[in-house]
Amino acid sequence: MEKIESNLVASVIKAVGSLYNKSIEPNFVQIQKTRKDFKGDITIVVFPLLKFSGKGPEQTANDLGNYLVQHFELVEGFNVIKGFLNIEISKQYWFSFLEDIYLTKGLEGGQLFHTSSPKKIMVEYSSPNTNKPLHLGHIRNNLLGYAVANILKATGNEVLKVNLINDRGIHICKSMLAWQKFGNGATPESTGIKGDHLVGDYYVRFDQEYKAQTKELMSQGMTEEEAKKQAPILLEAQEMLRKWEAGEEEVLSVWRMMNQWVYNGFDETYKRLGVDFDRLYYESQTYLLGKQIVLDALTKGLLYKKEDGSVWADLTEKGLDHKVLLRSDGTSVYMTQDIGTAHQRFEQYHIDSHIYVVGNEQNYHFQALAIVLGKMGFDWADKIFHLSYGMVELPEGKMKSREGTVVDADDLMDEMISTARQMSEELGKLEGLSAEDINKTLNIIGLGALKYFILKVDPKKNMVFDPKESIDFNGNTGPFIQYTYARIKSILRKAADAQIVFDLKQASAVNMGDKEKELVKLLYDFPMVVQEAAKEFSPAIIANYCYDLAKEYNQFYHDCPILKEADIAVKSLRFALSQQVSQAIGYGMKLLGIDVPERM
RNA sequence: GGUCUGGUAGCUCAGUUGGAUAGAGCAACAGCCUUCUAAGCUGUGGGUCACAGGUUCGAUUCCUGUCCAGAUCACCA
């Protein structure tokens, strides 16, 4: 079926040509959805056309409206308010659209969502440190990365999800050291504590000891600055890192063991969260990459070396500062590794684009990275994209691990599910379900509430999470949308049980009321919404669409009987429509990584 | 101090390339379950779109300045 918008633009151009004998560019035809308080489906803003018509807004709009109604089947009627020409698209068109998706393709199938230029895209997300468990900030990262990858796939791209795990460095040495000193051989098995939490506990333990030692040194007359550098436990941790880099087996074996604990813990969290990866990278294997590339660029004169031997990039012409790429002792920094891994990925996988899902605190880093890569002459330098997302804040400000205000990912998921249980029991929703089904459903609802809460917010904005008020289940929430889905499914089940077969062919455009039309219009928007979300890397666009659709459907559900409708034609139409809405909701939520329950 | 984000109802958030009377939810209040699941639906109240200029037929949207908040500017990652 031809799209309404392009059809209408062409029609208006023809109309202007015929009415006023002027030829105009498409960008003068401004089209938008008609606002709900007015009659009509699509609105043409006529102000830009006045200079061609030479008439006032009202007159011009009426001229156009009359012409369109007479010459184009698609246009059924119109009204003019001020300079706005509100067009009514024929009900036949909307009905045909519903027929089209219901009888042939279905929204999910076909090429409805695909872009004209598919790409091979790598999405890096999660990228945790291995010294502590995941928290709410990581949840936002994981959900965003996973959803964006889904959306890009749905629009026809080939997507590779990767996770670069930061498994080395001073932070993990701190946990290792504290475990050796204070752990008495504790393991996840011996303590029953999840591996990543156990390792995190020793990271906290290290910090306690470090603070105590610093305080002690200060009481002996050291300045705070000195004391922070001289605390014995810190020196030990630094020594441990040196041993790790020297490859001493004694250190490596502890490192491998504790990291494995963490990986087991992460795997569990990822699984519950419903995210996954096509490939894992470990910094211990990539942190030396990039050095040769930097040295090559140095010999080409693209970088410069200071007297102390450190290598720098001058980014001042781009408005940034100078950036170190190799330390004076010749070792790599963070940026060096990113240069190396980016190079490796573009060369090895021949990707067209690389998306890094990383918090906005690293905006500067990625800006600098792109400039450095460009300076080094890589033609893919402008193909890297930093999907920068805002911080999750508490009502009183940032989460601080030192103050114990970090919201732990596992705890939060537990809480969401227990809230779901409490709500469901109060409402008596779970009667007649098996224990297994109950758990499955509560899992879907609890996680749905959490995921939707996070994904409905524009990624680039900071967002506030109040741990005291648990995440809502009413209103603009995941469960609201899930509930709409479950109610439709219930209707579909009932029809199937009664062996009622609905045939949309029995219905026609005349059976379509205003509510039905509004829903079809929303369904019509769905592919564009998905494409927009892909373009903007914003799952929030899909989340808000799902809400709008569910909201609209609930009104329809309230006002219009479906199975109880007497007129078989109307009944069939409503049934088909409900079925399509459930598909769109289910698919939209799936793109967000949110499951929907068959009943709740 | 430089750079980058952001500032919309008491709170959490929408608001498509500039368009009509700026929208939801939560919270508050008032209604709707003998009828397909009331985690729903309907209604009421709530706004100087931070502030001031500019661009134009028209600005929450674009530009400039001011104020406020956050991030960042390491031989950390």
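Predicted model: local features only at pLDDT ≥ 70, side-chain atom pairs only at ≥ 80, totals over all residues.

Mentor: Residues are numbered from 1 along each chain as its sequence is written, chains are lettered from A and ligands numbered from 1 in the order in which they are written, and side-chain values use heavy atoms, with hydrogens and water left out.

Trainee: Between which domains does the second largest pocket lie?

Mentor: On a 1 Å grid over the protein atoms alone, a pocket is an open set of points with protein on both sides within 12 Å along at least five of seven lines, a cavity is a set where a 1.4 Å probe fits but cannot get out, and lining residues have an atom within 4 Å of a point. Two domains, with bounds from an automatic or database domain assignment, both give residues to the lining of the second largest pocket, so it lies between domain 1 (4-89) and domain 3 (410-591).

Trainee: Which helix gives the most to the lining of the second largest pocket?

Mentor: The pocket has 22 lining residues, with Glu518 and Lys521 among those nearest its centre. Helices (H or I, at least four residues) and strands (E, at least two) are DSSP runs, numbered from the N terminus. With 7 residues, the leading contributor is H19.

Trainee: What is the volume of the largest cavity?

Mentor: The whole structure holds 1 cavity of 30 Å³ or more. Among the residues lining the largest cavity are Leu412, Phe465 and Ile471. A volume is the space filled by probe spheres set on grid points joined across faces, edges and corners, and here it is about 40 Å³.

Trainee: Which residue of E10 is the bridge partner of Trp312?

Mentor: Two strands pair if DSSP finds at least two bridges between them. Strand E9 (residues 311-314) pairs with E8 (residues 304-305) in the antiparallel sense, and Trp312 in E9 stands opposite Tyr304. E9 also runs antiparallel to E10 (residues 322-326), with 4 bridges. In E10, the partner of Trp312 is Val324.

Trainee: Is Asn259 buried or exposed?

Mentor: Asn259 belongs to helix H11 (residues 249-273). Its contacts (heavy atoms within 4.5 Å), neighbours within four places in sequence aside, are Thr130, Asp167 and Ile172. Buried means under 20% relative accessible area, exposed over 50% and partly exposed in between (1.4 Å probe, protein chains only); at 2%, Asn259 is therefore buried.
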